[in-house]
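The sequence and the structure come first, and the description follows.

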Amino acid sequence: MKSELEIYYSRRASEYEKIYKKPERQADLESLKRLAKDFLQNKSVLEIACGTGYWTEIISSTTHSIVAIDSSKEVLDIARFKSYNKKNVKFINDDALSLSKIKIEFDSAFCGFWLSHLKKKNLEPFIVNLQKKLKEDSVVVMIDNNYVEGSSTVVNRTDKEGNTYQLRKLEDGSEYELLKNFYSEVELKNIFRNYSVNFEIFNFKYYWMIKYSI
Ligand SMILES: C[S@@+](CC[C@H](N)C(=O)[O-])C[C@H]1O[C@@H](n2cnc3c(N)ncnc32)[C@H](O)[C@@H]1O
C-alpha cells in the first residue's frame, strides 16, 4: 500500500518543480548544483528518491552514470522524459527503504530532499541499507531543507518521537499532512557519526548539503 508521502508526491508530480523557482532560493540552489556536480564527477551514482529527475539532470552532466530510484510511477514518467546528454541514466521503480532491486555497483550515492521525509527511527536502518549497496570508500552526498520562517511551510505538529509534520496543499485544493523533519548541523553530525568518515556540512540559508565517505 502507498504511504501518504508517496500518494502526495505522485499527485504533485506535474507541479513539483515549481518549488525550485522560489526567487529567494536561487543563489543557494546555484551553489548546491555546483557542489553536487563537483562531488559526483565521474562517479557511478545511486540516486535515492529522484522524483522528477531535477537533480538527476543536473548531476548527469558530470557523473559517469546514474541509477535513479523512486517509488512513484508518476514522477518517474516525468524524469524519464527529460534528456540526459550523456545517456548515462537509468530509472528504476523501487522502494528507498528496501532498495530490493539494487545491486552493489556504485561508488557514490545522492539523496535530494529525502532524509527529511524519513521518520527519525528509520534514519539508521536507511543509512545502513543504503551503504550496503555501495562499494568501499564510496562518497555520499545529501541535500535537504533548512526551516526558514516566511519561506518554508509552517510546522503543524510534532509527534511523540519528535518527528514534525506540515500541511501541504496541491493546486487542485487537496490537502496532505506530510512528515518533514528539519535538522541542525549538530543533529546531522550525530546521525552520521557512526557511519561516516570525512563528514562535511555545507550550510546555506535555505538548504544544507552533507558529503562523507563510508
Ligand atoms: C521531496 S521529493 C524529492 C524528489 C527529488 N529527489 C528532488 O530533490 O527533486 C521526495 C520523493 O520521494 C519519493 N518517495 C516517497 N516515498 C518513497 C519510498 N518509500 N521509496 C522511494 N521513493 C519514495 C517521492 O515519490 C518523491 O519523488
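In this predicted model, three strands make up an open sheet in which the order is β6-β7-β8 and the pairing is antiparallel. Strands β6 (155-158) and β8 (175-179) stand at the edges with a single partner strand each, so one side of each of them has no neighbour in the sheet. From one strand to the next, the twist averages 30°. Helix α1 (residues 4-12) packs on this sheet, where it touches β7 and β8, and the direction of α1 makes about 125° with that of β8.

The pairing of β6 with strand β7 (residues 164-169) is antiparallel and rests on three bridges, and threonine 158 is found opposite threonine 164 in β7. Five residues lie between the strands in the hairpin of β6 and β7, and in that hairpin glycine 162 adopts a positive phi near 90°.

Another element to follow is helix α2 (residues 26-39), whose 14 residues reach 20 Å from the first C-alpha to the last, which is close to the 20 Å expected at 1.5 Å a residue. Its buried residues are Asp28, Leu29, Ser31, Leu32, Lys33, Leu35, Ala36 and Phe39. In an α-helix there are 3.6 residues a turn, so residues three or four places apart point the same way. The elements that cover the buried residues of α2 include the helix α3 (54-59) as well as β4 (106-112), β5 (134-145), β9 (197-203) and β10 (207-213).

Is serine 44 buried or exposed? Serine 44, which has its place in strand β1 (residues 44-48), has a relative accessibility of 17%, and because buried means under 20%, serine 44 counts as buried. Leaving aside residues up to four places away in sequence, serine 44 touches His64, Ser65, Glu105, Phe106, Asp107 and Ser108.

The model also holds a ligand, which 20 residues surround, and the closest of these are Tyr20, Ala49, Asp70, Asp95 and Ala96.

| Residue and its atom | Ligand atom | Distance |
|---|---|---|
| Tyrosine 16, side-chain N or O atom | oxygen | 3.0 Å |
| Aspartate 70, polar side-chain atom | oxygen | 2.7 Å |
| Glycine 112, backbone N or O atom | nitrogen | 2.9 Å |

Terms used:
Residues are numbered from 1 along each chain as its sequence is written. This is a predicted model: local features need pLDDT of at least 70, side-chain atom pairs count only at pLDDT 80 or more; totals for chains, interfaces and linings use all residues. Side-chain values use heavy atoms; hydrogens and water are left out. Helices (H or I, at least four residues) and strands (E, at least two) are DSSP runs, numbered from the N terminus. Buried means under 20% relative accessible area, exposed over 50%, partly exposed in between (1.4 Å probe, protein chains only). Contact means heavy atoms within 4.5 Å. The expected span of a helix is 1.5 Å times one less than its number of residues. Two strands pair if DSSP finds at least two bridges between them. Axes are lines fitted to C-alpha atoms, for helices over the stretch in contact, and angles run from 0 to 180 degrees between N-to-C directions. A residue is near a molecule or strand if one of its heavy atoms lies within 4 Å of it. A polar contact is a pair of N or O atoms within 3.5 Å; within protein, one must be able to donate a hydrogen and the other to accept it, and residues adjacent in sequence count only if both atoms are side-chain atoms.
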